[in-house]
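Subject: Handover of a structure

Dear colleague,

Please find below the sequence and structure that I am handing over to you. A summary of what was found follows it.

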Amino acid sequence: MGQVLARLPRIVRQIGQLAWKADRSATIAIVVLQLASAAMTAFGLMASVAVLRELFAEGPTPDRVRAAVPRLLVVVGFLAARALLEAGVAVAQARVTPKIRAALEREFLTLTAHVRLEVVDDADWHDEAYRANDRGLYYARQIVGQVVSLAAALLGLVGTAGVLGILHPALLPLLLLSVLPVGAAAVRSARARFHSFKRWNALQRRVRVFSWLMLERDAAAELRS
(Lines give C-alpha, C1' and ligand atoms only; values in the text may rest on other atoms or scores of the structure.)
Protein backbone atom coordinates (compact mmCIF):
# COMPACT_ATOMS: atom_id res chain seq x y z
CA MET A 1 0.00 0.00 0.00
CA GLY A 2 2.88 2.35 0.77
CA GLN A 3 4.36 1.73 -2.67
CA VAL A 4 1.01 2.44 -4.32
CA LEU A 5 0.59 5.72 -2.45
CA ALA A 6 4.18 6.72 -3.22
CA ARG A 7 3.67 6.12 -6.95
CA LEU A 8 0.19 7.63 -7.09
CA PRO A 9 1.25 11.30 -7.56
CA ARG A 10 3.55 10.37 -10.45
CA ILE A 11 0.82 8.28 -12.09
CA VAL A 12 -1.75 11.06 -11.71
CA ARG A 13 0.73 13.55 -13.16
CA GLN A 14 1.42 11.29 -16.15
CA ILE A 15 -2.29 10.81 -16.83
CA GLY A 16 -2.82 14.55 -16.51
CA GLN A 17 -0.06 15.27 -19.01
CA LEU A 18 -1.42 12.70 -21.46
CA ALA A 19 -4.93 14.12 -21.11
CA TRP A 20 -3.66 17.67 -21.59
CA LYS A 21 -1.82 16.70 -24.79
CA ALA A 22 -4.76 14.65 -26.06
CA ASP A 23 -7.58 17.17 -25.51
CA ARG A 24 -7.01 20.34 -23.52
CA SER A 25 -10.61 21.54 -23.57
CA ALA A 26 -11.92 18.19 -22.30
CA THR A 27 -9.25 18.09 -19.58
CA ILE A 28 -10.15 21.59 -18.39
CA ALA A 29 -13.83 20.64 -18.46
CA ILE A 30 -13.17 17.57 -16.29
CA VAL A 31 -11.27 19.59 -13.68
CA VAL A 32 -13.76 22.48 -13.56
CA LEU A 33 -16.86 20.30 -13.54
CA GLN A 34 -15.36 18.01 -10.89
CA LEU A 35 -14.63 20.97 -8.61
CA ALA A 36 -18.12 22.34 -9.18
CA SER A 37 -19.65 18.94 -8.40
CA ALA A 38 -17.74 18.79 -5.12
CA ALA A 39 -18.99 22.28 -4.27
CA MET A 40 -22.58 21.21 -4.99
CA THR A 41 -22.10 18.24 -2.66
CA ALA A 42 -20.89 20.50 0.15
CA PHE A 43 -23.71 23.00 -0.38
CA GLY A 44 -26.21 20.15 -0.46
CA LEU A 45 -24.96 18.89 2.90
CA MET A 46 -25.32 22.35 4.40
CA ALA A 47 -28.83 22.66 2.99
CA SER A 48 -29.70 19.20 4.35
CA VAL A 49 -28.63 20.30 7.82
CA ALA A 50 -30.90 23.34 7.52
CA VAL A 51 -33.80 21.05 6.51
CA LEU A 52 -33.24 18.86 9.56
CA ARG A 53 -33.23 21.89 11.80
CA GLU A 54 -36.60 22.94 10.42
CA LEU A 55 -38.05 19.44 10.79
CA PHE A 56 -36.86 18.98 14.37
CA ALA A 57 -37.83 22.45 15.52
CA GLU A 58 -40.61 22.99 18.02
CA GLY A 59 -44.18 23.37 16.82
CA PRO A 60 -46.87 21.38 15.01
CA THR A 61 -45.61 18.86 12.48
CA PRO A 62 -47.51 20.27 9.45
CA ASP A 63 -46.07 23.72 10.13
CA ARG A 64 -42.55 22.34 10.40
CA VAL A 65 -42.91 20.42 7.14
CA ARG A 66 -44.25 23.48 5.32
CA ALA A 67 -41.40 25.58 6.71
CA ALA A 68 -38.87 23.01 5.49
CA VAL A 69 -40.26 22.84 1.92
CA PRO A 70 -38.20 25.77 0.53
CA ARG A 71 -35.00 24.30 1.95
CA LEU A 72 -35.96 20.88 0.59
CA LEU A 73 -36.26 22.44 -2.86
CA VAL A 74 -32.80 23.95 -2.41
CA VAL A 75 -31.41 20.50 -1.56
CA VAL A 76 -33.08 19.03 -4.64
CA GLY A 77 -31.61 21.82 -6.75
CA PHE A 78 -28.11 21.13 -5.48
CA LEU A 79 -28.48 17.40 -6.09
CA ALA A 80 -29.80 18.01 -9.61
CA ALA A 81 -26.93 20.38 -10.34
CA ARG A 82 -24.43 17.81 -9.08
CA ALA A 83 -26.00 15.12 -11.29
CA LEU A 84 -25.71 17.40 -14.33
CA LEU A 85 -22.10 18.23 -13.51
CA GLU A 86 -21.22 14.56 -13.11
CA ALA A 87 -22.85 13.87 -16.47
CA GLY A 88 -20.65 16.58 -17.95
CA VAL A 89 -17.59 14.94 -16.39
CA ALA A 90 -18.60 11.62 -17.94
CA VAL A 91 -18.97 13.22 -21.38
CA ALA A 92 -15.58 14.94 -21.17
CA GLN A 93 -13.97 11.74 -19.91
CA ALA A 94 -15.48 9.81 -22.82
CA ARG A 95 -13.89 12.35 -25.18
CA VAL A 96 -10.39 12.23 -23.75
CA THR A 97 -10.05 8.50 -22.91
CA PRO A 98 -9.89 7.14 -26.50
CA LYS A 99 -7.37 9.83 -27.41
CA ILE A 100 -5.11 8.84 -24.50
CA ARG A 101 -5.32 5.19 -25.51
CA ALA A 102 -4.50 6.07 -29.12
CA ALA A 103 -1.49 8.13 -28.02
CA LEU A 104 -0.20 5.30 -25.83
CA GLU A 105 -0.75 2.76 -28.59
CA ARG A 106 1.24 4.89 -31.04
CA GLU A 107 4.04 5.17 -28.49
CA PHE A 108 3.99 1.40 -27.92
CA LEU A 109 4.17 0.67 -31.65
CA THR A 110 6.97 3.20 -32.10
CA LEU A 111 9.02 1.64 -29.30
CA THR A 112 8.51 -1.96 -30.43
CA ALA A 113 9.21 -1.13 -34.08
CA HIS A 114 12.74 0.10 -33.31
CA VAL A 115 14.17 -2.88 -31.44
CA ARG A 116 16.97 -5.06 -32.75
CA LEU A 117 15.85 -8.09 -34.73
CA GLU A 118 17.36 -10.63 -32.33
CA VAL A 119 15.34 -9.15 -29.46
CA VAL A 120 12.13 -10.31 -31.14
CA ASP A 121 13.22 -13.92 -30.59
CA ASP A 122 13.76 -13.30 -26.87
CA ALA A 123 10.96 -15.05 -24.99
CA ASP A 124 11.10 -12.63 -22.03
CA TRP A 125 10.90 -9.58 -24.28
CA HIS A 126 8.06 -11.13 -26.26
CA ASP A 127 6.17 -11.88 -23.06
CA GLU A 128 6.62 -8.34 -21.74
CA ALA A 129 5.60 -6.82 -25.07
CA TYR A 130 2.52 -9.04 -25.17
CA ARG A 131 1.48 -8.01 -21.65
CA ALA A 132 2.13 -4.35 -22.43
CA ASN A 133 -0.08 -4.56 -25.51
CA ASP A 134 -2.78 -6.79 -24.01
CA ARG A 135 -3.03 -5.64 -20.39
CA GLY A 136 -1.12 -2.37 -20.42
CA LEU A 137 -3.26 -0.61 -23.00
CA TYR A 138 -6.41 -2.02 -21.40
CA TYR A 139 -5.56 -0.60 -17.99
CA ALA A 140 -4.38 2.63 -19.56
CA ARG A 141 -7.96 3.12 -20.70
CA GLN A 142 -9.33 2.16 -17.28
CA ILE A 143 -7.00 4.36 -15.27
CA VAL A 144 -8.46 7.61 -16.64
CA GLY A 145 -11.82 6.85 -15.07
CA GLN A 146 -10.14 5.65 -11.90
CA VAL A 147 -8.17 8.89 -11.53
CA VAL A 148 -11.38 10.88 -12.04
CA SER A 149 -13.17 8.73 -9.44
CA LEU A 150 -10.27 9.18 -7.03
CA ALA A 151 -10.37 12.95 -7.47
CA ALA A 152 -14.13 12.95 -6.93
CA ALA A 153 -13.77 10.91 -3.74
CA LEU A 154 -11.02 13.14 -2.35
CA LEU A 155 -12.94 16.32 -3.16
CA GLY A 156 -16.06 14.82 -1.61
CA LEU A 157 -14.15 14.03 1.58
CA VAL A 158 -12.70 17.53 1.71
CA GLY A 159 -16.13 19.06 1.23
CA THR A 160 -17.72 16.83 3.85
CA ALA A 161 -14.91 17.58 6.30
CA GLY A 162 -15.39 21.29 5.72
CA VAL A 163 -19.13 21.08 6.40
CA LEU A 164 -18.60 19.00 9.54
CA GLY A 165 -15.91 21.40 10.72
CA ILE A 166 -18.35 24.28 10.36
CA LEU A 167 -21.07 22.42 12.25
CA HIS A 168 -18.82 21.15 15.05
CA PRO A 169 -15.12 20.18 15.04
CA ALA A 170 -15.91 17.11 17.17
CA LEU A 171 -17.65 15.56 14.15
CA LEU A 172 -14.39 15.28 12.17
CA PRO A 173 -13.16 12.16 14.05
CA LEU A 174 -16.49 10.51 13.24
CA LEU A 175 -15.84 11.12 9.54
CA LEU A 176 -12.46 9.42 9.88
CA LEU A 177 -14.04 6.45 11.68
CA SER A 178 -16.63 6.09 8.91
CA VAL A 179 -13.99 6.19 6.15
CA LEU A 180 -11.40 3.82 7.61
CA PRO A 181 -13.46 0.58 7.36
CA VAL A 182 -14.39 1.34 3.74
CA GLY A 183 -10.75 2.09 2.92
CA ALA A 184 -9.52 -1.09 4.60
CA ALA A 185 -12.08 -3.17 2.68
CA ALA A 186 -11.06 -1.52 -0.60
CA VAL A 187 -7.37 -2.25 0.07
CA ARG A 188 -8.06 -5.92 0.87
CA SER A 189 -10.21 -6.30 -2.23
CA ALA A 190 -7.59 -4.66 -4.45
CA ARG A 191 -4.84 -6.85 -2.98
CA ALA A 192 -6.92 -9.98 -3.61
CA ARG A 193 -7.55 -8.96 -7.23
CA PHE A 194 -3.85 -8.22 -7.70
CA HIS A 195 -2.76 -11.65 -6.44
CA SER A 196 -5.45 -13.31 -8.55
CA PHE A 197 -4.19 -11.46 -11.62
CA LYS A 198 -0.60 -12.51 -10.87
CA ARG A 199 -1.62 -16.17 -10.66
CA TRP A 200 -3.63 -15.87 -13.87
CA ASN A 201 -0.74 -14.17 -15.66
CA ALA A 202 1.71 -16.87 -14.52
CA LEU A 203 -0.69 -19.55 -15.76
CA GLN A 204 -1.07 -17.81 -19.12
CA ARG A 205 2.71 -17.63 -19.48
CA ARG A 206 3.06 -21.36 -18.77
CA VAL A 207 0.36 -22.09 -21.35
CA ARG A 208 2.19 -20.02 -23.98
CA VAL A 209 5.51 -21.72 -23.19
CA PHE A 210 3.86 -25.14 -23.37
CA SER A 211 2.23 -24.28 -26.70
CA TRP A 212 5.57 -23.08 -28.06
CA LEU A 213 7.27 -26.32 -26.95
CA MET A 214 4.55 -28.41 -28.59
CA LEU A 215 4.97 -26.49 -31.84
CA GLU A 216 8.73 -26.99 -31.70
CA ARG A 217 8.26 -30.69 -31.06
CA ASP A 218 5.89 -31.03 -34.01
CA ALA A 219 8.31 -29.09 -36.25
CA ALA A 220 11.20 -31.34 -35.18
CA ALA A 221 9.10 -34.42 -35.86
CA GLU A 222 8.29 -33.20 -39.36
CA LEU A 223 11.96 -32.53 -40.05
CA ARG A 224 12.94 -36.03 -38.91
CA SER A 225 10.26 -37.60 -41.10
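A cavity here is a set of grid points where a 1.4 Å probe fits but cannot get out, and its lining residues are those with an atom within 4 Å of a point. Please note also that the model is a predicted one.

By that definition, the whole structure holds one cavity of 30 Å³ or more. The volume of the largest cavity is about 40 Å³. Helices α5 and α6 each contribute at least two residues to the lining of this largest cavity. The lining consists of Y130, R131, D134, R135, W200, N201, Q204 and R208. Sorted by class, these lining residues are two nonpolar, two polar and four charged.

Overall fold

The secondary structure of the chain amounts to six helices and zero strands. In sequence order the pattern is therefore written α-α-α-α-α-α, and the chain is more spread out than a compact globule, because its radius of gyration of 26 Å is well over the 17 Å that the globule rule gives for 225 residues. Along the principal axes, the C-alpha atoms occupy a box of roughly 100 × 35 × 30 Å.

The contact of α2 with α3

Helix α2 covers residues 24–55 and helix α3 covers residues 61–112; their axes come within 8 Å and cross at roughly 165°. An angle over 145 degrees counts as roughly antiparallel, and α2 is therefore roughly antiparallel to α3. The crossing in which α2 passes α3 is left-handed. In terms of residue class, this contact of α2 with α3 is made up of 23 nonpolar, nine polar and six charged residues.

The largest pocket

The structure also has pockets, and the volume of the largest pocket is about 2200 Å³. Its lining is formed by 40 residues, of which V4, L8, I11, Q146 and A190 are the closest to the centre of the pocket. At least two lining residues come from each of α1 (2–22), α3, α5 (123–167) and α6 (172–224). Helix α5 gives the most to this lining, with 14 residues. By class, the lining of the largest pocket divides into 27 nonpolar, seven polar and six charged residues.

The second largest pocket

What is the volume of the second largest pocket? The space in it comes to about 390 Å³. Its lining has 17 residues, and those nearest the centre of this pocket are I30, V31, V147, V148 and A151. Helices α1, α2 and α5 each supply at least two residues of the lining. The largest share of the lining of the second largest pocket is again that of α5, with seven residues. Of the residues that line the second largest pocket, 14 are nonpolar, three are polar and none is charged.

In summary, α5 gives the most to the lining of the largest pocket, has the largest share of the lining of the second largest pocket, and supplies at least two residues of the lining of the largest cavity.

With kind regards

Note on methods: Residues numbered from 1 in each chain as written. Predicted model: local features only at pLDDT ≥ 70, side-chain atom pairs only at ≥ 80, totals over all residues. Heavy atoms only, no water. Axes fitted to C-alpha atoms, helices over the stretch in contact; angles between N-to-C directions. Helix = DSSP H or I, 4+ residues; strand = E, 2+ residues; numbered from the N terminus. Parallel < 35°, antiparallel > 145°, perpendicular 65-115°, else oblique. Left-handed = near helix turned anticlockwise from the far one by under 90°. Nonpolar A, V, L, I, M, F, W, Y, C, P; charged D, E, K, R; others polar. 1 Å grid on protein atoms, 1.4 Å probe; cavity = no way out; pocket = protein on both sides within 12 Å on 5 of 7 lines; lining within 4 Å. Points joined across faces, edges and corners; volume = space filled by probe spheres on them. Rg over C-alpha atoms; globule rule 2.2 N^0.38 Å.
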